[in-house]
Amino acid sequence: MRDFLKALPKAELHLHIEGTLEPELMMALAERNGVRLPYASVEEVRAAYDFSDLQSFLDLYFQGMSVLRTAQDFEDLAMDYFRRAADEGVVHVELHVDPQAHLARGVELATVMEGLGRARRRAERELDLSTAMILAFLRDRPAEEALDLLERAAPYWETLDAVGLDSAEVGNPPAKFAEAFRRASALGLARVAHAGEEGPPDYIREALDVLDVCRVDHGVRCLEDPTLVARLRDEAMVLTVCPLSNLRLRVVERLEDHPLPAMLEAGLNLTLNSDDPAYFGGGMLDNFLACRRAFGWSREVFLGLASNAIEAAFMSEARRAELR
Ligand code: ES4
Ligand code: ZN
């Protein structure tokens with residue numbers, strides 16, 4: 001089964017590029033850039049990754065990215081990840097990027113976008129890995145800041161596929177970003193949003209109704225609302241579910257308790273994703289393997305989930321045909 005899941009062509013639709021920063025590269029970049037970290041070793045970094053909820057993770061995630069200073073750092077970060085992903089049978093990666101987190105610590109948007117852009121072009125050439133980019137808004141920051149970011153990103157609009165919404169969910173409902181998402185739509189960008197990870201089912205409905213998203217990131221709390229589940233099924237709305245993320249952020253206590261089998265049973269359009277692989281104990285293959293262990297799914301189930309992701313991906317029809 002491991003060989004089958006590894007060889008299965010997988011598209012990753014829910015990934016934060018800053019969440020791919022492995023402790024080894026974090027320490028190396030800290031050294032290279034003279035950034036002080038509260039860790040003496042790679043082991044200490046890993047030991048600190050014992051999260052109680054989303055916020056406890058976000059605190060370390062924002063701290064970890066402080067080592068990223070130059071375009072070369074961003075290129076190295078993404079290339080390191082693309083190589084690992086390609087090694088485990090990932091053929092397409094869509095990266096969320098959090099520019100506000102970098103701007104806030106004095107790293108220019110151009111630094112981030114040029115570095116990631118170089119890595120994306122190399123991935124295509126060197127690894128036959130297609131990529132897409134999602135400009136994410138930090139939902140715990142003011143709505144005006146999101147709009148400002150979108151305008152500042154004008155030189156990079158051509159390189160973007162979508163806007164997204166991430167960071168601390170509860171208390172920051174999707175409707176807060178109605179204007180930024182309307183502007184993104186006018187620019188021809190697709191919309192996705194994290195909803196129903198820690199937040200209530202109403203946030204999922206709001207993401208659909210107010211932000212006009214084509215995918216919901218996480219969405220695992222939809223099961224609390226049968227009317228919403230029926231709607232998501234009828235609309236074949238794509239949910240980008242991240243099993244190991246949900247486990248490590250204590251959305252569920254054990255993977256065996258995860259709502260994934262019930263969501264599958266409900267006929268939802270599901271995909272499996274890694275979210276922040278460096279922080280949550282594994283990449284795409286580890287997420288697939290964890291589901292195999294917890295739910296005993298057959299090859300057909302995994303084929304279906306992998307196919308859902310290819311069909312929902314931001315990629316050219318030529319590339320999609322190649323991967324079908
Ligand atoms: C995130 Cl797991 C998760 N949820 C919300 N925002 C995020 N940013 C990075 N990882
Ligand atoms: Zn996420």
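Strand S3, spanning residues 130–138, is mostly covered, with 9 of its 9 residues buried, where a residue counts as buried if 20 or more other C-beta atoms, placed from the backbone, lie within 10 Å of its own, as exposed if 12 or fewer do, and as partly exposed in between; strands (E, at least two residues) and helices (H or I, at least four) are DSSP runs numbered from the N terminus. The model is predicted, so that local features need pLDDT of at least 70 and side-chain atom pairs count only at pLDDT 80 or more, whereas totals for chains, interfaces and linings use all residues. Residues are numbered from 1 along each chain as its sequence is written, while chains are lettered from A and ligands numbered from 1 in the order in which they are written.

Strand S2 (residues 90–97) runs parallel to S3 and is joined to it by 6 bridges, pairing being assigned if DSSP finds at least two bridges between two strands; Glu 94 has Ala 132 as its bridge partner in S3. Strand S4 (residues 162–166) is likewise parallel to S3, with 5 bridges, and Gly 164 in S4 stands opposite Ala 136. From S3 the chain crosses through helix H8 (residues 143–152) to S4 in a right-handed β-α-β crossover, that is, with the strands pointing away from the viewer, the path from the first strand over the helix to the second runs clockwise.

The largest nonpolar core comprises 97 residues, and Ile 134, Phe 137 and Ala 313 have the most contacts inside it; such a core is a set of buried Ala, Val, Leu, Ile, Met, Phe, Trp, Tyr and Cys residues joined through C-beta atoms within 7 Å. Apart from neighbours within four places in sequence, Phe 137 is in contact (C-beta atoms, placed from the backbone, within 7 Å) with Ala 146, Leu 149, Val 163, Leu 165, Phe 177 and Ala 180.

In strand S7 (residues 238–241), Val 238 and Thr 240 point one way and Leu 239 and Val 241 the other, all of them buried. Strand S6 (residues 215–218) is joined to S7 in parallel by 3 bridges, and S6, helix H11 (residues 226–234) and S7 form a right-handed β-α-β unit. S7 also pairs with strand S8 (residues 269–272), in the parallel sense over 4 bridges, with Leu 239 opposite Leu 270.

Note on methods: Two residues are in contact if their C-beta atoms, placed from the backbone, lie within 7 Å.
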